[in-house]
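Please open the model in the viewer and keep the selection panel at hand.

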Amino acid sequence: MLGICRGRRKFLAASLTVLFVPAITWIYLFAGSFEDGKPVSLSPLESQPHSPRYTASSQRERESLEVRMREVEEENRVLRKQLSLAQSRGPAQHRGNHSKTYSMEEGTGDSESLRAGIVAGNSSECGQQPAVEKCETIHVAIVCAGYNASRDVVTLVKSVLFHRRNPLHFHLIADAIAKQILATLFQTWMVPAVRIDFYDADELKSEVSWIPNKHYSGIYGLMKLVLTKTLPSNLERVIVLDTDITFATDIAELWAVFHKFKGQQVLGLVENQSDWYLGNLWKNHRPWPALGRGYNTGVILLLLDKLRKMKWEQMWRLTAERELMSMLSTSLADQDIFNAVIKQNPFLVYQLPCFWNVQLSDHTRSEQCYRDVSDLKVIHWNSPKKLRVKNKHVEFFRNLYLTFLEYDGNLLRRELFGCPSEADVNSENLQKQLSELDEDDLCYEFRRERFTVHRTHLYFLHYEYEPASDNTDVTLVAQLSMDRLQMLEAICKHWEGPISLALYLSDAEAQQFLRYAQGSEVLMSRHNVGYHIVYKEGQFYPVNLLRNVAMKHISTPYMFLSDIDFLPMYGLYEYLRKSVIQLDLANTKKALIVPAFETLRYRLSFPKSKAELLSMLDMGTLFTFRYHVWTKGHAPTNFAKWRTATTPYRVEWEADFEPYVVVRKDCPEYDRRFVGFGWNKVAHIMELDAQEYEFTVLPNAYMIHMPHAPSFDITKFRSNKQYRICLKTLKEEFQQDMSRHYGFAALKYLTAENNS
């Protein structure tokens, strides 16, 4: 009792101080602001030094008054902060967390006091200790399935990484598609103090498949129910997030809320901000049972150790079985079952302030969760409309989301100073390789690019492929940047088979591409095109890395190694599949050459047959590729023989030969040392020859290069002498490596180069 009385006295004293000190201050200032009964302005803009009444003494007095006023305002600010803290702690000591009523005002207080309250946690007045240690690992669980959800996870993770100051451990319950995408992404992202573990969502289907679910999330929307079983048994607590979440603050603040749990509280949830569970949205609307407005499960704090002791698995299963007898199915997936359990056991829940889950679905009370931008903590796009949802402040929320959507993820590779990171073999090897390079070497930047790890997002759009029954399928492989985007629709019209594309884009450009693709009927009608985003980093265009990424992720036994500026002849896809069988490509080391031509006309009536193409060659509408500037690149194709050929014919390798070929998927990769312009394809064809591939020209196949503005890299090659010197150095080193690797047989490449 004595402690309570003392607390009330302190509270009353602080209140009186806040009320009376400003009043007394302003009376003092008001009285001192008059001179001879006339007011003296305190604004420097209103002062008049040329006035006879303006003296040095009055200037000093005015300045002293301004200083005193600022001091008093600062004292009042501190007092208001202390009073706010006293108010937030005081009532909690009496009512705990068992109140059944909920005030939306929890999320509308002074942002400074809110932040201070979170840091304070449940510390005593004698000495406040931070609720989250500096290097304490924060555990986050996310259920993710499919291509679109994988994109959403990236934006969520960016928002978390942007604000975080602690090590993070993500537990991703993912299907095979999401695992492939996200495992590659995080492996190439290489963010310090971030650990990723995957759990097979497909193995969990049997745990929840017996529950009928009408929600658009499908069976994966029920998997948060089985996290106590899925996650490691030694993991005590975890924050569970939906993929459509955006953080506007440090996730450590939310992690600190675990310290406020009392008694049997094991679930931290925000009240649902719509009227769904009140059952008054439309006539005959019958929701699942819930406590009041119910709770939203987009953000959950789970005390896993206590839930396991309470036999959570048995608890939710019995509740679901009972309710399904009358409800028949869930409408909001796991959220319905969580709420039904809480209805029967209200002591399980700790009610989070609503700013931890500002729900932006239509007709919600989310606007009552904040008065100012600084009040926002977590934004939840929980409407199927996502960014098109109706909300008074939706423009602000959309811009915040787009900020992280287009934010350069490379900037998030920052160290957490003072927190030791787990040893990463890939990172250590990379550092070792870079340390061996000579930074004074004039070609250092070229050499460094070979070891640069580019963040890679595979299958950026939905992808479907059904293998051909005859095992002859061929994938067109190419790479491009933003300035070649307009070629995609034309290529899709010319090639009906599967395509694998590596796109070199920034984060912002990736979103522009997404909007472009989603607005194209041609691209959206094609599901057998794999788009793999390799994010920009460094000053060179990593052309061979892009080719390797596109090659590595094909689903067919054969691939056509093309470039984005070429349009294949109509029917080439079926012709190549027949040629694969005819030339027994499955059992022989062959590279099938598709002869390359070019036009200087932006508008071309594309030839529909070989005869028509030959006619256009004779008229000068078409030319053999690079005839005017680089004849050696395709001369060995022997175009004179091709004009009359009716059967495939073999040609020999020559120096600088760089044809476009069809090969088995197990062919060697492109050499990454070659970046930008020059020798990137030449080196690959040389390696195929060293591995004894037989070059065979197809007599009825062709492709045509479409005109375009010169690339930035070819401009650098032509204008920068050092660029050309470094390219020559890299060529010589490549040839030496070939000699060491392939021995005596590779000496011909050195001889050919010297004679060319």
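## Disulfides

Begin by selecting Cys443 and Cys726, which form a disulfide with their sulfur atoms 2.2 Å apart; the term denotes a pair of cysteine sulfur atoms within 2.5 Å. The model is a predicted one, in which local features need pLDDT of at least 70 and side-chain atom pairs count only at pLDDT 80 or more, while totals for chains, interfaces and linings use all residues. Residues are numbered from 1 along each chain as its sequence is written, and side-chain values use heavy atoms, with hydrogens and water left out.

Remaining at this link, display the torsion about the S-S bond of Cys443 and Cys726: at -95°, the link is left-handed. Next, colour the chain by secondary structure, where helices (H or I, at least four residues) and strands (E, at least two) are DSSP runs numbered from the N terminus. Cys443 is in the loop between H13 and helix H14 (444-449), whereas Cys726 is in helix H24 (residues 721-742).

How many disulfides does the structure hold? There are two disulfides in the structure. For another, select Cys135 and Cys419, which a disulfide joins with an S to S distance of 2.1 Å. The torsion about the S-S bond of Cys135 and Cys419 is about -90°, so this disulfide is left-handed. Cys135 sits in the loop between helix H3 (111-120) and strand E3 (138-144), and Cys419 in the loop between helix H12 (394-405) and helix H13 (425-435). These two cysteines, 284 residues apart, link distant parts of the chain.

## Salt bridges

Now turn to the charged side chains. The structure holds 34 salt bridges, each being a side-chain nitrogen of Lys or Arg within 4 Å of a carboxyl oxygen of Asp or Glu.

Select Arg293 and Asp275, which form a salt bridge with the closest N and O atoms 2.3 Å apart. Both residues lie in the loop between strand E8 (267-271) and strand E9 (295-303), so the pair ties together parts that are 18 residues apart in sequence. Arg293 is buried, with a relative accessible area of 11%, whereas Asp275 is partly exposed at 26%.

Proceed to Lys681 and Asp563, another salt bridge, whose closest N and O atoms are 3.7 Å apart. Lys681 lies in helix H22 (residues 680-690) and Asp563 in the loop between strand E17 (558-561) and strand E18 (566-568), so this pair ties together parts that are 118 residues apart in sequence. Both Lys681 and Asp563 are buried.

Then select Arg322 and Glu323, whose side chains meet in a salt bridge at 3.6 Å, N to O. Arg322 is partly exposed, with a relative accessible area of 39%, while Glu323 is buried at 13% relative accessibility.

Notes: Buried means under 20% relative accessible area, exposed over 50%, partly exposed in between (1.4 Å probe, protein chains only).
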